Amino acid sequence: MHTPIIEIKGIGKKYNITHQRGGYIALRDVLANILKNPFGFLKHKVMQVAGLETKEEFWALRNINIEIQKGDIIGIIGHNGAGKSTLLKILTGITPPTEGEIIMRGRVASLLEVGTGFHPELTGRENIFLNGAILGMTKKEIVKKFDEIIAFAGVEKFLDTPVKYYSSGMYVRLAFSVAAHMEPDILLVDEVLAVGDAEFQKKCLGKMEEVTRKDGRTIFLVSHNMGAIKMLCQKTLWLEDGEIKEFGNTDTVTENYLHGTEKEGEKRNRNIVPDSSKDITFTKVWVTNMQNTPTTHIFVDEDFTIHTEFNVNKPMDTAEISIFLRNSNGINITFTNLSDVFNQKPYSLKKGTYITSTTIPKNFLMADDYVVRLAAHERGIRDIDAHENILRLSIIDNGSPMTHYGKAARNLALVLCNSTWNIARKNND
């Protein structure tokens, strides 16, 4: 048995969350400038003794035990807050673990955020040499790889421009190119590839496959793009609430993950506490897939339905129920309402409980994370009941031909256009 290139033994990461109760006590200035107020620490202790302040332990990671062999490409998946990025930050040494140890047998390069390790005032050229030096490369080695890095990143025209003027796409292209070409033994890649355009994302995936096959390098890849995970990774680590839910064959783990999100869908439905003082008040919102299974994870190429339940406490002649979808960049992508945007016929609602359902067609929303806004209002007059970010749902790239752009596509457009094309060859005599 070969010696693992990475050994993760009982890793855990704990954070202390402070809660205060009682009247308003402004300690921010004290904490921000404690030297100007030496009694600040004493005040903090008094609050603890008096029971006005408590601390809660939050474990972002717990009991992580895995061994990784040289040349493995490991996918890391899980819901937001599962501990994926925390694990990578511990592996890179950005943050220390609270418990456990990690043995790394090789040089590590990481790409955790756009432009990680870049100095904004330095040019692209200078940052290449800076990053190479940080990775332990000699100037001669950097010069040897320099042309390949620039060609791959496609930023020749801006090579001598300070990187603070780069777009996010240029930033990530250069950052990835440096990390991939500096020949690290271990490459850690977070979801940053979602920033690049579709063509560059394809190049990145190809490059990662090439360096593992040709040079036997080890890669950790965090992604919500199931297509990329399935294409690249032999093994996948599924994290849930900071612990290992499953680790093994990628096809098995990803299928269990997607199936598991369907089972959890009912738990994720948002029950809303009704306000009886309002003329209309929402009580519930949930999403179902084509099999009518409650879920918050939908494939790009499948229809899904958003359901609402609400009480009408006072008869309404011009009632309106609206649903808005906002993407991860905070942009309102689309909305739909009960009266139909095109016909503009408001409903007359009697007292009682109502359930609505509206189906969003497949191949419309880009692969991304979305939030739902609900609103009940009287046409052109007032909001009656509104809930921001009431439900989160993820549209997942499943690697089908229609969705090969993945999350990078959100920089190309806001929605897909499932249009019909015709083509005919013009006769040229």
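The model is predicted, so local features require pLDDT of at least 70 and side-chain atom pairs pLDDT 80 or more, while totals for chains, interfaces and linings use all residues. Residues are numbered from 1 along each chain as its sequence is written, and side-chain values use heavy atoms, without hydrogens and water.

Select residues 124-134 and 139-153, which form helices α4 and α5. Helices here are DSSP runs (H or I, at least four residues), and strands are E runs of at least two, numbered from the N terminus. The axes of α4 and α5, which come within 10 Å, cross at roughly 130°; axes are lines fitted to C-alpha atoms over the stretch in contact, with angles from 0 to 180 degrees between N-to-C directions. On α4, display Arg125, Ile128, Phe129, Gly132 and Ala133, which meet residues of α5 including Lys139, Ile142 and Phe146; contact means heavy atoms within 4.5 Å.

After α6 comes Glu183, with a positive phi near 55°.

Now select Asp241, in the loop between β8 (235-240) and β9 (243-249). Its phi is also positive, near 55°, and at 66% relative accessibility Asp241 counts as exposed.

Finish at Asn292, in the loop between β11 (280-288) and β12 (297-299). The phi of Asn292 is near 65°, and its relative accessibility of 56% makes Asn292 exposed. Most residues other than glycine have a negative phi.

Technical notes
Buried < 20%, exposed > 50% of the residue type's maximum accessible area, 1.4 Å probe, protein only.
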